[in-house]
Amino acid sequence: MTAPPIVLAEIVLGAQDWWLFVGMLVAAVSLLVAWSYYMRGGNSGLRALAMSLKLTALLALGFCLLEPKRRVERPRPGANVMAVVVDNSRSMEIAPAGKAASRRQRLAPWLPSDSAWQTRLAQDFDVRRYAIDNRLHAVADLSQLDFRGTATSLATAIDTLMKRFANRPVAGMLLLTDGLATDGLNEWIASREFAFPIYPIVDTQEGEVRDLRLHDPVVQVSSFELAPVGIEAWVEAVGLAGEELIVRLIDAAGDTIARQSIACNSDDFHHRVRFTFRPREPGFQSVALRASLRRDDRESGPVRSRTEVTLANNTLLIAVDRGSGPYRLLYVSGRPNWEFKFLRRALESDVELRLSALIRIAKQQPKFSFRDRGVPSANPLRAGFDESDDTAEQYDEPVLLRIGVSEGELVAGFPTSSEDLFRYDAVILDDVEASFFSQHQMLLLRQFVAHRGGGLMMLGGAESFFHGGYEDTPVAELLPLYLRPRPTDKHQPARMLLTREGQLEPWLRLRSNQQDENSRQAFVPEFYTWNAIAEVKPGAQTLAELQLAAERQPGIVVQRFGKGRTLALTVGDYWRWSMHRPDADVDDLAQAWRQIARWLTNDVPRRVEVDVQAPPSPVNAHRIIVQVRDENFQPLDNATVSIEITPPDGAPLTAQATPDATQPGVYALEYWCQHDGSYRCVVACTAPDGEPLDPVHTGWTAQPSSVEFARVVPDMQTLHTLAKQSGGQVVALEDLESFVAELPNRRVPQSELREEPLWHQPWMLLIAVLCLCGEWGLRRWKGLP
């Protein structure tokens, strides 16, 4: 949109019928004047100058006799809307360094409705007054604004006005602001066509701003014991060159977790800080990053500063959610062994992991009893136990031991339905042959990994991998290895070494630095039970290898399969590691088992999953998205989703999420955060048949009051861009009155032609008087006759 041009005036004559008479009169008098000067003697140059002055006076007087008028285009009074919009946000309370008055106080004399510029503006325009903070709202008197808004929605306000006055003539918009929009004004300007010009009014006397702020936090969360939570953020300092900055990581109780000191070496300083820490408990919690000048820093309590323009942007509230279980693992073994003992002991110390085991203690046995009615049909291994013949294993069935299960769980052995198998998050197969499973169960196991997204691990042993007969089975498709025979000396010892890729995986590292990790690996014992592997599948990763006398074999291999992941541990006597501990108080095998179990279950979908989406602007709501699945992990419609939200003030609120119209099994709830702090929520779902699902605990943090201070230096560049794109101009605050007086000369939608007399204007008479006085003075000065 081009700038509205200033309307040029057109000169017309009111007594144009007299132009011939006036012309003849002026011409006759001019001839007499010229003849009189010609007859006089003296300096010819001075005579010509004096004559020109007198003739000019005569022409001016003759022009007045014709009653000249100026025809101009002026706004029709009250026909055009002129919006006056004032920034009512908290950033207007900022007082720059060396200034006793804040932006609000410097703006205050211009806000009363009876001020000169508003009175002048109302003479030509229909003045509409608005305040803008979180939204645009009309006000009667701009001087009554409180400047307590927590956002500056400039793009929203301008868009609202353009829609509101789409069918009305609008002359323009006077915008009194510092330009610190919180709703993406720059991106909005580039994509809009403006309906009227915008005139930003800025304070050109703004002093130096000194401020320190934190922004753009990044949280790296892992569920593994050794991998701490990583928090990064940018520290930005304006006008604080030579100062020492202190950044603290503070927990929810107000205690300092870590502290960093940073030297600020410029007035436009940017620095990236990183903290790592281990949360004391799983699940959701919040921490805070706080930045301050060294002289203002305090171990506890609020920080006060006489240097910074605001402290509202010195603290970042950060949500840390490591997830919560329980994660369920199903361990299936073909025979009792030492591995289960150490695995079970390791996982018992992790409250987020639950291990259920199905261990075969005897294979199916044939019964030889010809017409012998006195021989029971139950397997004699069950003799003496309180089990009826109906529930005890028969002669032709394997004898299974169930450990860590609830009543009725795994009674029939390995699950035969998706409803029973999909309740687990991972399955571990240990030294159990393929014939233990039916074809249907193996296909179900494949579906468990590919579609349910579960984890599968197979341990080495005499009846694992190729030796277990898994080649050309659905389970072989899942494994990251090709099951082909490979001749090798299986009686030689093997030592496990992490590959380069394995050293980069946090779930395989047991020490916090590389030096300690290398020292730790030196104490890992040799293993004597392992499976020879012919080849690793393309796309799989070999994270550990078995070092033999003359070659290396894959030791730990992983891959993605569908939505899930699989792991092959080719060692069958991993338990030996715990028997060769250099420090009796440090059990590396137990930690390794817990981290492997965490890796298997870390990304496994749950029946209820919650995603809290932060809004792009504080005026918008947080959106809580809940994905609900049935026992087959298909989207579940017609569920009841109840969300209990506990805000920082501690008064819980319960609301029902509504189904998404486009996505099956998805429910949503919007929540507007009014206060700074940590918000916790509990999502409880009930299936259509009344089955309650496990509740999900999560949360988020919000700081609506600090968004306004994300920037503190007035954004002049954006305001100039806004003015240019809309066809307006940036006006200095001290020039506001003169600019308003000049506004009627600009083109507006509704205008009218006016004729303004010129002949009785003082300047016309002044020209004639000055010329006559000049001529008379010149003659007296030079002594002309």
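Predicted model: local features only at pLDDT ≥ 70, side-chain atom pairs only at ≥ 80, totals over all residues.
## D211 in strand β8

D211 sits in strand β8, which covers residues 211–220. The residue is buried, yet it has no salt bridge. The nearest side chain of opposite charge belongs to R213, 5.7 Å away.

D211 does have a polar partner. Its side chain makes a polar contact with the side chain of N313, at 2.8 Å. N313 is also among the residues that D211 contacts beyond its neighbours within four places in sequence. Others on that list include E236, A237, V238, E308 and V712.

## D430 in strand β18

D430 belongs to strand β18, residues 426–430. D430 is buried and has no salt bridge. Here the nearest side chain of opposite charge is that of R335, 7.0 Å away.

What does D430 contact, leaving aside its neighbours within four places in sequence? The list runs through Y331, V332, S333, G334, N337 and E339, then L459, G460 and S464.

## Helix α13

Helix α13 spans residues 588–601, a run of 14 residues. How far apart are its end C-alpha atoms? They are 20 Å apart. At 1.5 Å a residue the helix should span 20 Å, so the two values agree.

The helix is mostly covered: 14 of its 14 residues are buried. At the start of α13, a side-chain oxygen of D587 comes to within 3.3 Å of the backbone nitrogen of L589.

Technical notes:
Residues numbered from 1 in each chain as written. Heavy atoms only, no water. Helix = DSSP H or I, 4+ residues; strand = E, 2+ residues; numbered from the N terminus. Buried < 20%, exposed > 50% of the residue type's maximum accessible area, 1.4 Å probe, protein only. Lys, Arg positive; Asp, Glu negative; His and termini not counted. Salt bridge = Lys/Arg side-chain N within 4 Å of Asp/Glu carboxyl O. Polar contact = N/O pair within 3.5 Å; in protein donor to acceptor, adjacent residues only side chain to side chain. Contact = heavy atoms within 4.5 Å. Expected span 1.5 Å × (residues − 1).
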